[in-house]
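Subject: Model handover

Hello,

The model you asked for is below. My notes on it follow.

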Amino acid sequence: MPSEIRVRVEDARSRTAKVGVTTPKGPFELHVDANVDVDKSATPWLPALSVVAMRLHSDLIFSDPVDALALSNLPHAQRILRDWYPRRYSSVRVEADEVAGSDAGSQRGVGCFFSGGVDSFHSAIAASERITHLIFVHGFDIKLSDVELAAKAEAGARNAADALGKTLVVVRTNLRQLSDKARCLWGTDYHGAALATVAHSLSDHIHTALIPSSFQEADLHPWGTHPDLDPLWSSGAVRLEHYGTSLTRTEKIAFLARNDVAMDNLRVCWKNRDGKFNCGRCEKCVRTMVSLRAADGASRTLPHRVTPEAVNRLSLSGTGTLFALENLNALREARVRDLELETALERAIRRGRTRDKVLGGITRRWLGMTKG
């Protein structure tokens, strides 16, 4: 007999949604808190909990009704995840009464998930005419316990939202605690479903949510957010849209380098050593600084100069190698060449190639473009 995950909506305040979840890993109380009213139906929890159910090979049973369109999309989303990761995920049965999605009309806007990073800043600016809300989430890349760093990041997001004329929605959720417990891999598997749950929680305010793309169209591969997967998390009330595949990361940074709002508030770091907004030393910080050097730009939130020594210290693998190859192309095409920096990056890429025993199609494509 297959195991089960049971979900029940719990009473909460107008700006908090809660569900009680019984899983093979034990009981959990999940919540989404925001600075605006949130949807307290069962529908928002379908994307995030369905991936957890697939990972735990458990049927998913809701005590409360779920949007009919969201339920009809789910088998397609399951098929994609199962095809991508057949050893980790299996198709599962989802049991819930159906309810028609309600369209609140033209008063709702378009949200864009916004961490303050390269992809989200590019989306927020490039799609600015459409976007009404920027959505900042505490509990995904920043731990709920790290209140100090979250306050710094939220302040940067608020500065950007004010400068861009957008409403900032601030969300706190413990959703990642369950996904980590279930061993759902955040980057490659899960974060798109988690973002979708947050988007549906804001259905009173938005009819569409943009999920900024991590990769250019030619470099797309199985990942937690993907243009084939994200729209399948849509419901009758909120549509999910994958945005920004037309540019590489280096091209996005070149675009942002001429925008003062982005350069004043850019947050790319995931190490956050010593609680810093950007540590200036981790792979993401260094890769961004190299891109800015190639674009002849500078961010006020990062050291203004990247040294060959900093690049030599990089330990690259996987997508880190891909982004380094993008940077090497950009440096070679820069108006003013920096041969020492190029040489250091070439060395780091060679080490990354050795570390990656099997090069994927993405890296092979870039290797062909960067020879000579």
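Glu129 is exposed, at a relative accessible area of 85%. In this predicted model, Glu129 belongs to the loop that connects α3 and β9. Between Glu129 and Val147 there are 32 Å from C-alpha to C-alpha, at a sequence separation of 18 residues.

Ser120 is located in helix α3 and counts as buried, with a relative accessibility of 4%, which is under the 20% limit. Beyond its neighbours within four places in sequence, Ser120 has contacts with Cys112, Phe113, Phe114, Ser115 and Pro212. Val311 sits in helix α10, which covers residues 308-312. The relative accessible area of Val311 is 0%, so Val311 is buried. In sequence Val311 and Leu345 are 34 residues apart, while their C-alpha atoms are 6.1 Å apart in space.

Overall fold

The protein has 13 helices and 12 strands. Its radius of gyration is 21 Å, close to the 21 Å that the globule rule gives for 372 residues, so the protein is as compact as a globular protein of that length. Along the principal axes, the C-alpha atoms fill a box of roughly 65 × 45 × 35 Å. Buried residues make up 58% of the 372. Of the contacts with a separation of 6 or more, 70% are between residues 24 or more positions apart.

Helix α1 and the cores

How many of the residues of α1 are buried? The count is 11 of the 11, so α1 is largely enclosed by the rest of the structure. Among these buried residues are Leu46, Ser50, Met54 and Arg55. Just after α1, His57 has a positive phi of about 55°.

In soluble globular proteins, nonpolar side chains tend to be buried together. The largest nonpolar core here has 60 residues, and Trp45, Phe113, Tyr190 and Trp233 touch the most other members. A second, separate core has 57 residues, including Val268, Ala295, Leu302 and Ala344.

The largest pocket

The volume of the largest pocket is about 1,500 Å³. Its lining consists of 48 residues, and those nearest the centre are Asp141, Trp186, His191, Trp270 and Lys284. Which elements supply at least two residues each to this lining? They are the helices α3 (118-126), α5 (175-181), α6 (186-201), α9 (283-294) and α11 (319-332), together with the strands β9 (133-138) and β11 (206-212). By residue class, the lining has 21 nonpolar, 17 polar and 10 charged members.

Cavities

Rolling a probe the size of a water molecule over the atoms shows where empty space is left. The structure has 2 cavities of 30 Å³ or more.

The largest cavity holds about 50 Å³ of space. Its lining residues are Thr43, Leu46, Pro47, Ala70, Leu74, His200, Leu232, Trp233 and Ser234. Two or more of them come from each of α1 (46-56) and α2 (68-84). The lining is made up of 6 nonpolar and 3 polar residues, with no charged ones. Trp233 in this lining is one of the residues that touch the most other members of the largest nonpolar core.

The second largest cavity has a volume of about 40 Å³ and is lined by Glu283, Arg287, Leu314, Leu316, Ala324, Asn327 and Leu345. Helices α9 and α11 each give two or more residues to the lining of this second largest cavity, and both helices also supply residues to the lining of the largest pocket. In the second largest cavity, the lining residues divide into 4 nonpolar, 1 polar and 2 charged.

Regards

Note on methods
Residues numbered from 1 in each chain as written. Predicted model: local features only at pLDDT ≥ 70, side-chain atom pairs only at ≥ 80, totals over all residues. Heavy atoms only, no water. 1 Å grid on protein atoms, 1.4 Å probe; cavity = no way out; pocket = protein on both sides within 12 Å on 5 of 7 lines; lining within 4 Å. Points joined across faces, edges and corners; volume = space filled by probe spheres on them. Helix = DSSP H or I, 4+ residues; strand = E, 2+ residues; numbered from the N terminus. Nonpolar A, V, L, I, M, F, W, Y, C, P; charged D, E, K, R; others polar. Core = buried A, V, L, I, M, F, W, Y, C linked by side-chain atoms within 4.5 Å. Buried < 20%, exposed > 50% of the residue type's maximum accessible area, 1.4 Å probe, protein only. Rg over C-alpha atoms; globule rule 2.2 N^0.38 Å. Contact = heavy atoms within 4.5 Å.
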